Amino acid sequence: MRVVVGLLLLLLGLCGSGAQGDGGGLGQVGEIREFQDTAQRDAVEESTEQNTKQTTSDIWAEVRALRYMVVKLEVELRNMEAIVKDSESLVNELKTELIVTKVYVEMLQRDNSVQETRLTAVESKTRDLEKENADLQTRLSSSESELLLSKSRIDQLEREAAVQEARLTATESKTSDLEKANTDLQTRLSSSESELLLSKSRIDQLERDNAEKPKVAFYTALTDAGHVGPYNTDITLKYSKVFTNIGNAYNPATGFFTAPVKGVYYLQFTLFGLRIGHMAVTVYKNNQKIMFNVERNDGNYEYFTNSVVLELLAGDKIHLDLPSTYTLFDSTDNHCTFSGSLLFPL
C-alpha cells in the first residue's frame with residue numbers, strides 16, 4: 001500500500017508541475033525526478049520490509065503492478081517533457097507575440113489618437129456638409145421648380161418656333177415671289193425712270209417752247225346801249241366790253257383783232273336781235289370779205305352763232321361789219337360777243 005501511495009503522490013506532483021506553466025520549468029522536472037527516486041527507494045525499503053511479512057505471491061503481484069505503473073509513469077513523463085518543451089516554445093512565442101502586440105497596441109493607440117483627430121475633423125466637416133447639403137437641397141428644389149417652368153417655357157417656345165418656322169417658310173416663299181416681282185418692278189422702274197427722264201426732258205422742252213410760244217386769246221361783248229343800227233352804210237362793230245385780252249391783240253377802240261404772229265387762229269361771234277326784220281354781220285380779213293351771215297327775226301328773241309379757223313400772217317387784221325339797214329341788240333346781259341384765240345403758231 002505504501003508503494004501505491006508513493007506512486008499516487010508522484011502522479012500528483014507531475015500533474016502539479018504540468019499545471020504551473022511558466023513558474024515551474026525544468027527545475028520542477030528535476031525535483032520530480034528526485035521525488036521519484038526517493039519514492040522508489042522508499043518503495044524498495046518498504047517492499048523489503050513487507051517481504052518478510054507477506055507472501056511471495058503478493059510481492060510479485062505488486063512488483064508487476066508497480067512495473068506497469070512505472071512504465072506508464074515513464075511514458076507520461078516523456079509526454080510531460082514534450083509538453084514542457086512545447087510549453088517553453090509556446091511561452092517564447094507568446095512573449096514575442098506579446099512584445100509585438102504591445103508595439104501594435106502602441107501603434108493602434110497612436111493611430112487611434114490620429115483617428116480621433118481625423119474623426120473630429122470629419123465630424124465637423126460632416127456637419128458642414130450636412131448644412132451645405134440642406135442648402136443644396138433647398139436650391140435643388142428651387143432649381144427643379146425653375147427647371148419645370150423652364151421646360152414648360154421651352155415647350156411653349158418650341159411650339160411658337162414651329163409656328164414661326166411655318167410662317168418663316170411662307171414668308172420666305174412670299175419673299176422669293178416678292179424678290180422676283182421686285183426684280184421685275186426694278187426693271188420696269190428703270191424703264192419708267194428712263195421714260196420719265198425723257199418725259200421730263202420733253203416737258204421741259206415743251207415748257208420752254210410754250211414759254212417762247214405767243215399766247216393769244218380774247219373775249220368781248222358789244223355794248224350796254226341796247227339797239228345798234230340800222231345805219232345807211234356798213235359800220236365796223238366795236239366790241240367795247242373786253243373780258244379777256246391775252247396778248248393785247250384786240251383793240252376795243254377800233255374793233256380790230258391783229259394777229260401778233262403767223263399761225264392758225266380760231267374766231268367766233270354770236271349775234272342777237274329783237275326787232276322784226278333781218279340781222280347780219282360780215283367778217284373781214286384785212287379788206288377781204290371772209291364770211292357774210294344773215295338771219296331773219298320775226299319779232300321773237302333771235303340768236304345766231306358762227307365761227308372760222310383762219311391762217312393769219314403777223315399783222316393780218318380781222319373785224320366784223322354791220323351791213324346797212326341791219327340791226328342788233330345788246331345789253332348788260334352780253335348777247336352779242338366776239339372771241340378768238342391762237343391755236344398754234346406756224
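A quick definition before the points: two strands pair if DSSP finds at least two bridges between them. Helices (H or I, at least four residues) and strands (E, at least two) are DSSP runs, numbered from the N terminus.

1. **What you're looking at.** This is a predicted model, so to speak a set of computed positions: local features need pLDDT of at least 70, side-chain atom pairs count only at pLDDT 80 or more, and totals for chains, interfaces and linings use all residues. Residues are numbered from 1 along each chain as its sequence is written, and side-chain values use heavy atoms, with hydrogens and water left out.

2. **Confidence.** pLDDT is the predictor's confidence in each residue, from 0 to 100. The protein averages 82, and 86% of its residues reach 70 or more. Residues 19-25 sit below 50, and this stretch has three contacts in the model beyond near neighbours in sequence (contact means heavy atoms within 4.5 Å).

3. **Overall make-up.** The protein has three helices and 13 strands. Of its 346 residues, 23% are buried, where buried means under 20% relative accessible area, exposed over 50% and partly exposed in between (1.4 Å probe, protein chains only). Take the contacts between residues at least 6 apart in sequence: 71% of them join residues at least 24 apart. The exposed surface comes to about 23,900 Å², with carbon and sulfur atoms supplying 55% of it; accessible areas come from the Shrake-Rupley method with a 1.4 Å probe, and for residues only the protein chains shown count as cover.

4. **Strand 1 and its two partners.** Strand 1 (residues 217-221) runs antiparallel to strand 4 (residues 241-246), with five bridges joining them. A221 has K241 as its bridge partner there. Strand 1 also pairs in the antiparallel sense with strand 13 (residues 337-345), over five bridges. In that pairing, A217 stands opposite S341.

5. **Strand 7.** Is strand 7 (residues 263-273) largely enclosed or left open? Nine of its 11 residues are buried, so the rest of the structure largely encloses it. Strand 7 pairs with strand 10 (residues 302-312) over 11 bridges, in the antiparallel sense, and G263 has L312 as its bridge partner in strand 10. Strand 13 is another antiparallel partner of strand 7, joined to it by eight bridges. Here F269 stands opposite F338. So far as strand 13 goes, then, it pairs with strand 1 and with strand 7.

6. C336 lies in the loop between strand 12 (328-330) and strand 13. C336 is buried because its relative accessible area is 0%. Which residues does C336 touch, leaving aside neighbours within four places in sequence? They are T220, A221, L222, Y239, T270, L271, F272, L328, F329 and D330. Y303 is 33 residues away along the chain, and its C-alpha atom is 8.7 Å from that of C336.

7. S331 is found in the loop between strand 12 and strand 13. With 14% relative accessibility, S331 counts as buried. N334 is partly exposed, at 22% relative accessibility.

8. **Backbone geometry elsewhere.** T325 has a positive phi of about 75°, although it is not a glycine. T325 is found in the loop between strand 11 (317-322) and strand 12, and at 60% relative accessibility it counts as exposed. There is also a cis peptide bond joining G229 and P230, with omega about 0°. P230 is found in the loop between strand 2 (226-228) and strand 3 (235-236).

9. V309, L343, F344 and L346 make a nonpolar surface patch of about 370 Å². Patches are made of residues with over 30% relative accessible area and no salt bridge, with like charges joined within 9 Å and nonpolar side chains (Val, Leu, Ile, Met, Phe, Trp, Tyr) within 5 Å. A salt bridge is a side-chain nitrogen of Lys or Arg within 4 Å of a carboxyl oxygen of Asp or Glu. L346 lies in the segment after strand 13 and counts as exposed, at 52% relative accessibility.
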